[in-house]
Amino acid sequence: MALDLGTKTIGIATCDAGWQFATAGSTLERGKFGRDRDRLSEIIRQRSIKAIVIGLPRNMDGSEGPRAQASRAYARNLAAAFALPILLWDERWSTTSAERAMIGQDMSRKKRAEKIDSHAAAVILQGAIDRLAGGIL
């Protein structure tokens, strides 16, 4: 499972059991961590999730700002809540890639706004899958 952590929402994506294809899932309204944890716990249970990839929002020069530190803190909280491996993954181009793909599918601006976070999570997850499975860098 991948998470694209926004300030207001969390985009969620999952992949198949063979680690080949990431699929955009749902978008959760972000709240206090306890509520987020409970909702994510249900998805983890339902989908038999084995690991979590979290987008790490780095600056274009590779440095990390406040959003990256917030993502690291969220990852620490998830690690404490779930006995699952947590991987932080560079997400610098995930939203742009997701937006371009949705435009290519002729998706309306309104639908793109509703689905961008989960599609960005799918881009993050696909990048991690490809790298971990020995595919592209």
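User: Hey, leaving aside neighbours within four places in sequence, which residues is Leu3 in contact with?
Analyst: Leu3 is in contact with Ile10, Gly11, Ile12, Leu40, Ile52, Val53, Ile54, Gly55, Leu78, Ala121 and Ile124. Contact means heavy atoms within 4.5 Å. Keep in mind that this is a predicted model, where local features need pLDDT of at least 70, side-chain atom pairs count only at pLDDT 80 or more, and totals for chains, interfaces and linings use all residues. Residues are numbered from 1 along each chain as its sequence is written, and side-chain values use heavy atoms, with hydrogens and water left out.

User: OK, and which residues touch the most other members in the largest nonpolar core?
Analyst: Those are Met1, Leu3, Ile12, Leu40, Ile52 and Leu78, out of 17 residues in that core. A nonpolar core is a set of buried Ala, Val, Leu, Ile, Met, Phe, Trp, Tyr and Cys residues joined through side-chain atoms within 4.5 Å. Buried means under 20% relative accessible area, exposed over 50%, and partly exposed in between (1.4 Å probe, protein chains only).

User: Switching to E4, which way do its residues point?
Analyst: Ile52, Ile54 and Leu56 point one way, Val53 and Gly55 the other way, and all are buried. In a regular strand, side chains alternate between the two faces of the sheet. By the way, strands (E, at least two residues) and helices (H or I, at least four) are DSSP runs numbered from the N terminus.

User: In what sense do E1 and E4 pair?
Analyst: E1 and E4 are parallel, over two bridges, and Leu3 stands opposite Ile54. Strands pair if DSSP finds at least two bridges between them. E4 is also joined to E5 by five bridges, again parallel, with Ile52 opposite Ile86.

User: And E2 with E3, parallel or antiparallel?
Analyst: Antiparallel, with six bridges. Gly11 of that pair stands opposite Thr27 in E3. The hairpin of E2 and E3 has six residues between the strands, and Trp19 there takes a positive phi near 55°.

User: New topic: which residues lie nearest the centre of the largest pocket?
Analyst: Met1, Cys15, Trp19, Lys50 and Ala51, among 20 lining residues. By class, the lining has 15 nonpolar, two polar and three charged residues. Here Ala, Val, Leu, Ile, Met, Phe, Trp, Tyr, Cys and Pro count as nonpolar, Asp, Glu, Lys and Arg as charged, and the others, Gly among them, as polar. A pocket is an open set of points on a 1 Å grid over the protein atoms alone, where a 1.4 Å probe fits, with protein on both sides within 12 Å along at least five of seven lines; lining residues have an atom within 4 Å of a point.
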